[in-house]
Protein chains: 2
Amino acid sequence: MSGRPTILDVAERSGVSKSTVSSVIRGAVGVSPASQRRVLAAVAELGYRPNALARQLVLQRTSTIGVVVGDLANPFYGELVKLLERHAHEIGFTTAVSNTDGHADREAARIEALLEQRVAGIAMLQFSGDRAALDGLVAEGIPVAVVSSTDPRVDSVGVDERRGVALAVEHLLQLGHERIAYATSPLVDGRTNRARYETFLRAGATDAPLDEATAVVAANDIVAIELIDSLERAGRRVPDDVSVVGFDGIALGALSRIGLTTVAQPSEQLAAHGIRMLHERIEGAVDEPPRQLLLEPKLVVRTTTARKDR
Amino acid sequence: MSGRPTILDVAERSGVSKSTVSSVIRGAVGVSPASQRRVLAAVAELGYRPNALARQLVLQRTSTIGVVVGDLANPFYGELVKLLERHAHEIGFTTAVSNTDGHADREAARIEALLEQRVAGIAMLQFSGDRAALDGLVAEGIPVAVVSSTDPRVDSVGVDERRGVALAVEHLLQLGHERIAYATSPLVDGRTNRARYETFLRAGATDAPLDEATAVVAANDIVAIELIDSLERAGRRVPDDVSVVGFDGIALGALSRIGLTTVAQPSEQLAAHGIRMLHERIEGAVDEPPRQLLLEPKLVVRTTTARKDR
DNA sequence: ATGAAAGCGCTAACAC
DNA sequence: GTGTTAGCGCTTTCAT
């Protein structure tokens, strides 16, 4: 026995066959207490650790979930991934994380790698510009769950975008703002962006160029915070000269120095439902068409928004 | 052929043996252009995708790197993990991320799971209180690299803690501060914390209780930012009444509203060296005792520190 | 209750 | 240059 001990080493050591060892390790029934004891002893003595690779190869299914995220450095996604990992671990799954930086080619490469690893399913948090990648996954029947965004082709759990943007616009309208701008960045998921922008227009906002606006709705908190920074560096005060509302609800936004008014997403629930849905698909427990879960966003009013010309 | 096509299906389809197929897929030399062409055609037609599980089982080594992090929601680590994933992907490795929230039991459970998956190596970014886990890994000969911290038992790349803290304390001393406090949180790696605190004392700081201090050195930027927040909510102004310096250099600290004076770590280099060292161990390219790489931290002076009693 | 044997998809000698 | 074969470590019938 060179290298790590295998199930065969345990079998020899305990004087039973490897199938018996396999049974006790898997906790199968129908093993005499005597062999059970001896096997367990041998496992401990040898420091045996089951080889998940071999197990998954014969079982034809792995216990790893792929997580595809656009920008892990954005604390909203950092936290979301952290929560996803926690929930995945709870049901016995390992998490393979891929960061795409919003590039379609990287996204494709990462997904291909995950597929070669035969991940049991994939949680997509942000997409690159084109969503072609999803078609491939759907065509191959890979369980996929979109988390914190939505897509009709697969299970998804997100916040009601329209409701969220409407909340932001209404808030601004009530404060007397008329010229409102929409600010985004390349790192924001394409579809999410489009949905938010459309609703932005429908909600009654009169789309204004950034330099003429008295208020702006940002695609996410990071964009909002950076916008405030550049606005202020350019001499425009927030919220006195211009109001800003973000989207996501990152923890840092609550700092009194930032005081970001924002539309908050319930990350914990997003993660919990995302993993649950994915798990159900993986287990084949549900056979329905794609399920869309829309959670309620919440407007958190702080100090980056104020009445116009106060 | 039910389910995904295997190397055998490709072999049949192209009229060669599976070893030939294996050769062209691995890009081995000594395959006639003719078979090469036919195999490639079959691969495309069948939509064949190599099974990494099978490959890794026979090769006795995987191409996945485990990343153990304390708090992925902390943007410093979010970014670091993102960079590690990028570098790992560049050398053909997949990344399995585990978040421990600083709990020793979770850390142990995550590491155990990674080991069952037979990860090729592990990058540890933060430790729980006890560092017992590392001993196990070292004993088993698992390649490990500690990133953004240090540990004499394994390869590690971090910033010179003493130098960093000294930089912070000197800065404060020069500004006329005498009563300086050290602030930390449970999420900060134990050893890191200890090292920083010791140096803090040696650097000439007269350790003062938080409510008597005119300046404070925080264990990391998040602690610093939250501290500033609670200080200001309690009516103490920063930097007028109390100066604060952080550690890490997260992007958000540069916002003019925060303007955090901090000791910055070079994340990109940390990630690059971390993966490189780990890779070298995995490949068995280096057989030396643990290597300790100490990078230079950089004091970034912004607006949370000021002369005492100005 | 337990063991023997086949095989998951692949690589790597080793023959031809 | 190409095919045959023997495993990698495990699960799972199927006998006994």
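Modeller: Let's begin just after helix 5 of chain A, where Gly92(A) has a positive phi of about 80°. Helices here are DSSP runs of H or I with at least four residues, strands are runs of E with at least two, and both are numbered from the N terminus. Before we go on: this is a predicted model, where local features need pLDDT of at least 70 and side-chain atom pairs count only at pLDDT 80 or more, while totals for chains, interfaces and linings use all residues. Residues are numbered from 1 along each chain as its sequence is written, chains are lettered from A and ligands numbered from 1 in the order in which they are written, and side-chain values use heavy atoms, with hydrogens and water left out.

Colleague: Thanks! How many residues of helix 5 of chain A are buried?
Modeller: In helix 5 of chain A, 12 of the 16 residues are buried, so the helix is largely enclosed by the rest of the structure. Buried means under 20% relative accessible area, exposed means over 50%, and partly exposed is in between, using a 1.4 Å probe and protein chains only. Among the buried ones are Phe76(A), Tyr77(A), Lys82(A), Glu85(A) and His87(A).

Colleague: And what happens at the start of helix 5 of chain A?
Modeller: There, a side-chain oxygen of Asn74(A) comes to within 2.9 Å of the backbone nitrogen of Phe76(A).

Colleague: What span should helix 5 of chain A have?
Modeller: At 1.5 Å a residue, its 16 residues should span 22 Å, and the end C-alpha atoms are 23 Å apart, which agrees. The expected span is 1.5 Å times one less than the number of residues.

Colleague: Let's switch to helix 6 of chain A. Which of its residues are buried?
Modeller: The buried residues of helix 6 are Glu107(A), Arg110(A), Ile111(A), Leu114(A) and Leu115(A). Down the axis of helix 6 of chain A, they fall within an arc of 140°, so they line one face of the helix. The arc is taken from the directions that run from the helix axis to the C-beta atoms.

Colleague: What covers those buried residues of helix 6?
Modeller: The cover includes strand 1 (64-69), strand 2 (94-99), strand 3 and helix 7 (132-140) of chain A, together with helix 5 (75-90) of chain B. Contact means heavy atoms within 4.5 Å. After helix 6 of chain A comes Arg118(A), with a positive phi near 60°.

Colleague: Strand 3, you say. Where does Gly121(A) lie?
Modeller: Gly121(A) lies in strand 3 of chain A, which covers residues 121-124. Gly121(A) counts as buried because its relative accessibility is 0%. Leaving out residues up to four places away in sequence, Gly121(A) touches Thr64(A), Ile65(A), Gly66(A), Pro143(A), Leu278(A) and Ile282(A). Gly121(A) and Ile282(A) are 161 residues apart in sequence, and their C-alpha atoms are 6.6 Å apart in space.

Colleague: What about helix 3 of chain A, which of its residues are buried?
Modeller: Ser35(A), Val39(A), Ala42(A), Val43(A) and Leu46(A) are buried in helix 3 of chain A. They cover an arc of only 105° around the axis, which puts them on the same side of helix 3 of chain A. Helix 1 (7-14) and helix 2 (18-26) of chain A are what these buried residues pack against. The face turned away from the buried side carries the exposed residues Pro33(A), Arg37(A), Ala44(A) and Glu45(A).

Colleague: And over in chain B, what joins the side chains of Glu45(B) and Arg13(B)?
Modeller: A polar contact of 2.5 Å joins them. A polar contact is a pair of N or O atoms within 3.5 Å; within protein, one must be able to donate a hydrogen and the other to accept it, and residues adjacent in sequence count only if both atoms are side-chain atoms. Glu45(B) is in helix 3 of chain B.

Colleague: Back to chain A: is Ser243(A) buried or exposed?
Modeller: Ser243(A) counts as buried, because its relative accessibility is 0%. Ser243(A) sits in strand 9 of chain A, residues 243-248. A polar atom of the Ser243(A) side chain lies 2.9 Å from the backbone nitrogen of Ala306(A).
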